[in-house]
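The stops below are meant to be selected in turn.

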Amino acid sequence: MAQSISIVLVLAIAFAPLCLCGKTTGGYLYPQFYDRSCPKAQEIVNSIVAKAVAKEARMAASLVRLHFHDCFVKGCDASILLDSSRGIISEKGSNPNRNSARGFEVIDEIKSALEKECPKTVSCADIMALAARDSTVITGGPSWEVPLGRRDSRGASLSGSNSNIPAPNNTFQTILTKFKLQGLGVVDLVALSGSHTIGNARCTSFRQRLYNQSGNGQPDSTLQQSFAAQLRTRCPRSGGDQNLFFLDFVSPTKFDNSYFNNILASKGLLSSDQVLLTNNEASMELVKKYAGNQELFFEQFAKSMVKMGNISPLTGYRGEIRKSCRKINA
């Protein structure tokens with residue numbers, strides 16, 4: 001009898017769905033957080049994200065990036081959404097976000113719809129976490145249960161945004177250090193970099209690779225020469241700063257593993273993409289694994305997105321549920 005009970009328990013544990021609950025200071029995040037208070041919340045987010053991506057394919061990558069740039073500054077607390085006001089200097093003006101972070105209007109539309117459905121209930125931070133997941137799925141990527149229950153900050157950090165978010169020209173070690181400061185490791189770094197399978201980058205983000213990578217007037221030797229020549233036609237030495245280029249030229253609007261195959265072919269667009277192959281043995285092995293096994297990449301991407309979404313959220317009575325994502329409640 002005891003043996004049969006233990007077998008049942010083992011089977012139950014083996015086949016139980018992966019718990020994506022995140023223990024946080026002051027409470028748990030869990031996927032069912034709004035099941036009673038706002039049962040249509042996820043459906044509303046998904047429908048508005050789907051409409052936005054159908055209108056502009058690039059929006060999917062923008063919404064994933066917004067969540068990333070929020071979580072790396074003071075945790076996943078929607079601080080990136082705040083406009084400047086008395087006592088608040090917006091993160092939107094930081095170097096990583098200025099003329100670059102976008103998707104704010106989509107978040108506004110979702111928030112407006114949710115306030116009509118269930119006022120003062122769903123946080124802007126949770127909206128961003130859900131929108132990032134839905135954007136990934138809509139473009140062909142993996143799905144995951146999003147732990148929910150984050151609350152919104154009552155402040156922003158321009159200095160944190162300038163210093164904590166990895167930059168395209170950072171060294172591998174600097175990028176890894178910025179990830180480790182958030183409790184993320186090299187596996188998360190490589191997997192989350194795979195989100196560059198969709199979206200665009202501006203000429204100003206990689207120009208130095210084309211003309212003067214190391215300050216010696218020479219292009220980056222790790223960039224495939226004919227690919228570099230092609231990029232130079234629309235990214236000149238000066239001017240054209242805002243010209244857009246696909247991060248993954250093979251399948252720019254499809255969430256897949258071709259990003260990693262591009263890196264293996266020395267055709268990663270950003271320096272921060274290519275250094276995953278050239279500057280660290282552990283990351284090089286992961287690039288090779290994900291290039292050869294899309295399912296493995298998808299599985300780890302989902303896990304790493306949940307892990308990133310659990311960075312220092314406000315829970316319990318900390319923070320607030322903003323009525324407008326752009327400003328703190330009066």
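Select Ser-312, which is found in the segment after α14; helices here are DSSP runs of H or I with at least four residues, strands are runs of E with at least two, and both are numbered from the N terminus. The phi angle of Ser-312 is near 40 degrees, a positive value in a residue other than glycine. This is a predicted model, in which local features need pLDDT of at least 70 and side-chain atom pairs count only at pLDDT 80 or more, while totals for chains, interfaces and linings use all residues. Residues are numbered from 1 along each chain as its sequence is written, and side-chain values use heavy atoms, with hydrogens and water left out.

Next, colour the chain by pLDDT, the predictor's confidence in each residue, from 0 to 100. The mean for the chain is 92, and 92% of its residues reach 70 or more. Now select residues 1–20, where pLDDT stays under 50 and the model has 4 contacts beyond four places in sequence; contact means heavy atoms within 4.5 Å. Where pLDDT is low, the predicted coordinates should not be read in detail.

Move to Lys-120, in the loop between α4 (104–117) and α5 (124–138). Its phi is near 55 degrees, again a positive value in a residue other than glycine. Is Lys-120 buried or exposed? Lys-120 is exposed, with a relative accessible area of 56%; buried means under 20%, exposed over 50%, and partly exposed in between, with a 1.4 Å probe and protein chains only. Not counting residues up to four places away in sequence, Lys-120 touches Glu-115, Ile-321 and Lys-323. For a sense of scale, pick Lys-289 as well: the C-alpha atoms of Lys-120 and Lys-289 are 44 Å apart in space, and the two residues are 169 apart in sequence.

Select helix α13, residues 281–292. At 1.5 Å a residue, its 12 residues should span 16 Å, and the end C-alpha atoms are 17 Å apart, which agrees; the expected span is 1.5 Å times one less than the number of residues. Ser-283, Leu-286, Val-287, Tyr-290 and Ala-291 are the buried residues of α13. They cover an arc of only 135 degrees around the axis, which puts them on the same side of α13; the arc is that of the directions from the helix axis to the C-beta atoms. On the other side of α13, Glu-281 and Gly-292 are exposed. The elements covering the buried residues of α13 include α7 (172–180), α8 (186–193), α11 (258–264), α12 (271–278) and α14 (294–309).

Leaving aside neighbours within four places in sequence, Ser-283 is in contact with Phe-172, Val-186, Val-190, Val-275 and Leu-276.

Follow with α7, whose buried residues are Phe-172, Ile-175, Leu-176, Lys-178 and Phe-179. They cover an arc of only 160 degrees around the axis, which puts them on the same side of α7.

Finally, show the largest nonpolar core, which has 73 residues; such a core is a set of buried Ala, Val, Leu, Ile, Met, Phe, Trp, Tyr and Cys residues joined through side-chain atoms within 4.5 Å. Leu-81, Ile-107, Leu-114 and Met-308 have the most contacts inside it. A second, separate core of 14 residues includes Leu-210, Tyr-211, Cys-235 and Phe-245.
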